[in-house]
Amino acid sequence: MVDLTLQFMPYNDIEHLDTAERVEKLLDLVKQNKILLLEGRLKREEEIEFIKRTMEEIDETFKGVEIGTIEPRDKANQALLGKFRKSVVNFILGDRRGITIIGPASVVKEIRQDPDKIELFTTGKGLSIKNKKIRKKKQK
Amino acid sequence: MIKLLQQFIKKVFRDLFKRKKHIKLGLYGPPNGGKSTLANRICKDWLGEEMSSVSHIAHETREIQVKEEIKMEKDGKELSFNLVDTPGIATKIDYEDFLKQGLKSTQAKTRAKEATKGVVEAIKWLDDMDCVIIVLDSTKDPYSQVNITIIGNLQARNIPVLLVANKTDLKKSKVKKIEAAFPQYEIVAISAKKGKNMDEFYEALFALAG
């Protein structure tokens, strides 16, 4: 029986890396059967590159990944001051906002996400805790 | 100022592709959303012949399929395009899933290998598209990272997008969920298999690419 490892990765750890290096770093860790909790999110082009590289790595032992990102949502009726505050926060924090969860498909069966919550279901294979459900509430 | 510049660039790009005689129209989305069924429906309606094979087993389309020179006419307007049916984009492919669907071990492994290559090809082709139709299965949860990533990448590349909520003939279909997930996009609800609401789809296609 193998223990399930959740590894938190602060955005600082990938901030200085270019796209290819970021993707490789994340993929390497996931291939070690770790579930990554990344502070912030990848850029759009990095996400698609991550999927592409994942596909290139798939074989009989590595089945791919499950990935989910949650970030604070804009309120439709947000006041002008609120929008301004959000723009400032976006400018300062950039891709640090929100959280990204990446896990190997052999361990993470499914990640369900909606704007307010993210749910992670494990396969139970090789885990000490079976069918564990981790629920991460939206970060305010 | 930056926003104005972005809008200007977007307009220039749009005008550029509008002047093209033939555009490349891509069908993208997760596996088993009904991309090939929609491709077949379009080809049947306008060419009288089918384009791709379809199956209930995921990753039936593992290579890019192109049907050239499809011409549509509607209310005196004409739209000419090359239709590109792409393999479904996924983050995981497990050959054991194909075993469960009744394939033999060798077939399952080959299918998985081809499917991974197909996803890579589909991603590579993204840059070549002038317009994209995202085909989503309306019986499935739309909040998947694959959907968000594809749509986000098209948006970043300034490629016009039409979202299609497919399989509305099924009882579990929940178009409203897709509308709620992507409120900034127009959603056209169809059943490509049954040919339901195709008029509205073609109208939206003309508006997007015409």
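Student: Which residues in helix 2 of chain A meet helix 3 of chain A?
Tutor: This is a predicted model, which should be kept in mind throughout. From helix 2 of chain A, the residues are A:Thr19, A:Arg22, A:Val23, A:Leu26 and A:Leu27. They meet A:Glu45, A:Glu46, A:Glu49, A:Phe50, A:Arg53, A:Thr54 and A:Glu57 in helix 3 of chain A.

Student: How do the residues of that contact divide into nonpolar, polar and charged?
Tutor: The contact of helix 2 of chain A with helix 3 of chain A has six charged, four nonpolar and two polar residues.

Student: And at what angle do helix 2 and helix 3 of chain A pack?
Tutor: Helix 2, residues 19–31, and helix 3, residues 44–57, of chain A pack at about 50°, and their axes are 10 Å apart. The two helices of chain A are therefore oblique to each other. Helix 2 of chain A passes helix 3 of chain A in a right-handed crossing.

Student: Now the other chain. Which residues of helix 3 of chain A meet helix 4 of chain B?
Tutor: On the chain A side they are A:Ile48, A:Ile51, A:Lys52, A:Met55 and A:Glu56. In helix 4 of chain B, they meet B:Thr116, B:Val119, B:Val120 and B:Ile123. By class, this contact between helix 3 of chain A and helix 4 of chain B has six nonpolar, two charged and one polar residue.

Student: Are helix 3 of chain A and helix 4 of chain B roughly parallel or roughly antiparallel?
Tutor: Helix 3 of chain A and helix 4 of chain B, residues 105–125, pack at an angle of about 155°, with axes 8 Å apart. Angles over 145 degrees count as roughly antiparallel, and this pair is therefore roughly antiparallel. Helix 3 of chain A passes helix 4 of chain B in a left-handed crossing.

Student: How many residues of chain A are in contact with chain B?
Tutor: There are 22 residues of chain A in contact with 17 residues of chain B. Helix 3, strand 3 (65–70) and strand 5 (108–114) of chain A each supply at least two residues of the side that touches chain B. Helix 3 of chain A gives the most to that side, with nine residues. The side of chain A that touches chain B divides into ten charged, seven nonpolar and five polar residues.

Student: What does the secondary structure of chain A come to?
Tutor: Chain A has four helices and seven strands. From the N terminus on, its elements run β-α-α-β-α-β-α-β-β-β-β. Buried residues make up 28% of the 140 residues in chain A. Among contacts in chain A between residues at least 6 apart in sequence, 69% join residues at least 24 apart.

Student: What about strand 1 of chain A: how many of its five residues are buried?
Tutor: The count is zero, and strand 1 of chain A, residues 5–9, is hardly covered. Five bridges join strand 1 of chain A to strand 2 of chain A, residues 34–39, and the two run parallel. A:Phe8 has A:Leu37 in strand 2 of chain A as its bridge partner.

Student: Changing topic: in what order do the strands of the chain B sheet stand?
Tutor: The order is 2-3-1-4-5-6, in an open sheet of six strands with mixed pairing. Strand 2 (65–74) and strand 6 (187–189) of chain B stand at the edges, each with a single partner strand, so one side of each is left without a neighbour in the sheet. Neighbouring strands of this sheet are turned by 30° against each other on average, direction ignored.

Student: Which strands are joined to strand 1 of chain B by bridges?
Tutor: Strand 1 of chain B, residues 23–28, runs parallel to strand 3 of chain B, residues 77–85, with five bridges between them. Within that pair, B:Ile23 is the bridge partner of B:Phe81. Four bridges join strand 1 of chain B to strand 4 of chain B, residues 131–137, again in parallel. Here B:Gly26 has B:Val132 as its bridge partner.

Student: And how many bridges pair strand 4 with strand 5 in chain B?
Tutor: Six bridges pair strand 4 of chain B with strand 5 of chain B, residues 161–166, in the parallel sense. B:Asp137 is paired with B:Asn166 in strand 5 of chain B.

Student: Which strands does helix 5 of chain B lie across?
Tutor: Helix 5 of chain B, residues 145–156, lies across strand 1, strand 4 and strand 5 of chain B, and runs at about 165° to strand 4 of chain B.

Student: Last one: is B:Ser53 buried or exposed?
Tutor: B:Ser53 counts as exposed because it has 10 C-beta neighbours inside 10 Å. B:Ser53 is in the loop between helix 2 (35–47) and strand 2 of chain B.

Note on methods:
Residues numbered from 1 in each chain as written. Chains lettered and ligands numbered in written order. Predicted model: local features only at pLDDT ≥ 70, side-chain atom pairs only at ≥ 80, totals over all residues. Axes fitted to C-alpha atoms, helices over the stretch in contact; angles between N-to-C directions. Parallel < 35°, antiparallel > 145°, perpendicular 65-115°, else oblique. Left-handed = near helix turned anticlockwise from the far one by under 90°. Contact = placed C-beta atoms within 7 Å. Nonpolar A, V, L, I, M, F, W, Y, C, P; charged D, E, K, R; others polar. Pairing = 2+ DSSP bridges. Buried ≥ 20, exposed ≤ 12 C-beta atoms within 10 Å, placed from the backbone.
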